[in-house]
Amino acid sequence: MGCTESKEDGNRADTGALPDAHEAAKTLDRRRWMTRFGSKIENAKLKHLSMVGAHDAAAYNIVGDHPVGVAPDAPEVVRNIIEKAGAPAVKVVSDWARTQDRSILQQLNNGVRYFDIRLGAKNEDSDLWVCHGMFSVPFTRVVEDIAAFYASGRVGYHGASVDFDLEENKEIIIVDVQKCEGHNGPNGEAINDGFFKMLEPIKSLCMTPASDLGHPIGQLQRAGVRVIVLYPNGDACNKHNNLAVHRTTIAIDSQWKNKNTVEDIKPLLIEELKETREEHQKDGGANLHVLQAVLTSDTELIVKGLLLPDFAAPDSVEVLASKVNDDAMEVWVGLAGTDDSKEEALKTGEPGAAPVLDGRNILMLDFNERGTFEGLDAVQLSHFLNVRKFGAPEHPPRLVKRKPGVPAAFANFPEAADLLGDKLKLFAPDGNQRVLTVWGGDGAPVRVSDEAGTDNDIWSWYLVAVGEEHVALRSCSGSFLRLTEEGAVEMCIDRVVPENAKFTLHKAGEPVEADGKKKFEMLLKPAASPEKALC
C-alpha cells in the first residue's frame, strides 16, 4: 500500500487497486470515512480533501410552533413585524431561519465535517446560543454533540467528564464561528470569555496554534487534533491560549454569493471552482476553501411572505435548498459548465487518477442531506471524489466495537444503549400511539399529541447518559423532560441535569419490529422518586 503524495506539482496518489468509485461511495463508513483512508491521506492537507459543510449548521431547532426567541442578528424590519403580528409572523420567519433539520451529532454521524456557526447572547448573562434570525440551541449543545461523537464507545454525554477515543476516531472537523454578535462590543469580554469556557469539555481535542492548519493530516492526527475552532476575535483567541483560531489568520476562502435563484448562483459557483482549482494546482491559495452553494433568503422575500399571503415565491430555506443542491453537486463533480455527460463525469480512470489539487474542498449546503447526483447524496459524492484522488480507503468499513462498559445506567436494558445520540419518538403509555411533544418554554407542560407525529423536532427526544447511574431525556431545544412531585411531565432548561430529570432505565418488554423500525418499551423511574414512573 502506497502513501498519498501531495506534491507541489499536483502529483497523483499512489493507491493500489481501486474498486469502482461510484459503488465505493455507496458503502462508505459515514461516521469514520476520514479514519478509514488511513495512510492514504496522511501526507495530504485538509484543503485537498473533499468534504460536505453545513451552512448555519445548528439552526435546526428553529420551529415556529415553539419559538425560543428572536435573535440579535434578525433584521430590524423583521423584528418590528414580529412584534406587531405575533405568532403568524414567527412561523414565517422561522421557516426562513431554519437551515438544517438534523442535530450536530446526527450530521457528524452522517459524514459532515465543516460546521458554519453563528452565535448571539440570549440574555444579560451572556449565555451564547446559536442564532440565525431566531435562537436555535445553546452553544453548549454543539459542544456536547461534538464530545459525544468522539467519546469512547459512543456513549451519550452531558456535562460530565468523558474519555475520548482518538485511535478509533481520527476524524478532523472544522467549527467555523463566522459571527458572534457582540464579541467586540461593550459586553464583548464577557461574551468572549463565556465562549471559551463553553469549549472546555473538548479542549483536549482542539488545534493550537493556528500555524498547524497547513500541516499534513497525518501530523495533525498524531498530535491529537480532532477539532479546529475558528473564531472572529483575535484578542480573545490570544487571551485563551489559542484554544480557537482567529479566522483572519488562517486564510479561509468563503465567498457569499447573495443570490436567491439557481440561475444566478450557478455560473458564479462554476467560475469560483475553476479559479480555486488553478490556485490549488500551484499549491497556493487559501488553507481552506468553502464553496457556498446556498441561496439567500433576503429580507424582501421574508417581508412579502409576511404581508402578502398569496405571494408566489419560495416560502422557506428548505424550498431554496431543494432547488439548488442538485445543481451544486453537479458543479462540484465538475460536470456543470462542460459538454461532458454524467457518465463521463463519473469515470474513475486509473487508481487515484484524479489530481489531488483539484480545488474541490468544502461544499457548504443548507439541508445538506437533500439533493442527489446519479444516486449519490452530497456526503457520498465527496467520498467518490476522495476515492478518485486517493484510491480506496486503506481500512474497509467495519462495525465500531463498543468498548467494554456500556454505561452502567443501561444495565437493566443494554439494548437501549444503541439509541444514544439518535432521535427518538416517545409514546405515551396508553397504547394509542400518542406522542409526548415539546411545546412552550421552560417549565411548560409537555403535551400529548393525538397525532402519531413526524420526525420533526417537536416530537423528538434524545436519550443521554448522565454519570454512571442515570439517563435523561433531552429535546432538540435544550430542554430536559422532568417529572414533578405531583406527577406532571414538564420541560426545564439547565446546563446541569436537575435531579427530577434524572431517571433509572428499566426494560418493560422485548423490542419489536414495526413499520420498519425497532420499537422499545422502557420504564423510566425518577431517581428522586423511584416509586413513580414517567412511562
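A charge sits over a ring if NZ of Lys or CZ of Arg is within 6 Å of the ring centre and within 35 degrees of the ring normal. The charged end of Arg32 meets this for the ring of Phe149, 5.3 Å from its centre. The model is predicted: local features need pLDDT of at least 70, side-chain atom pairs count only at pLDDT 80 or more, and totals for chains, interfaces and linings use all residues. Residues are numbered from 1 along each chain as its sequence is written, and side-chain values use heavy atoms, with hydrogens and water left out.

**Chain overview**

- The chain has 14 helices and 21 strands; helices (H or I, at least four residues) and strands (E, at least two) are DSSP runs, numbered from the N terminus.
- Of the 535 residues, 55% are buried, where buried means under 20% relative accessible area, exposed over 50% and partly exposed in between (1.4 Å probe, protein chains only).
- Among contacts (heavy atoms within 4.5 Å) between residues at least 6 apart in sequence, 73% join residues at least 24 apart.

**Aromatic pairs**

- The whole structure holds 7 aromatic pairs; rings of Phe, Tyr and Trp (its six-membered ring) pair if their centres lie within 6.5 Å, and planes under 30 degrees apart count as stacked, over 60 as edge-to-face and the rest as tilted.
- One of them is the stacked pair of Phe139 and Phe195, at 5.2 Å centre to centre with 25° between the planes.
- Phe139 belongs to helix H6 (residues 139-150) and Phe195 to helix H7 (residues 188-198), so this pair ties together parts 56 residues apart in sequence.
- Phe139 is buried at 1% relative accessible area, and Phe195 is buried at 0%.
- Phe195 also stacks with Tyr231, at 4.2 Å centre to centre and 15° between the planes.
- Because Tyr231 lies in strand S6 (residues 227-231) and Phe195 in helix H7, the pair ties together parts 36 residues apart in sequence.
- Tyr231 is buried, with a relative accessible area of 0%.
- Phe139, Phe195, Phe196 and Tyr231 form one aromatic cluster.

**Another charge over a ring**

- The charged end of Lys122 sits over the ring of Trp129, 4.9 Å from its centre.

**Asn386**

- Asn386 is part of helix H14 (residues 378-390) and is buried at 0% relative accessible area.
- Not counting residues up to four places away in sequence, Asn386 touches Trp33, Phe37, Leu49, Ser50 and Gly391.
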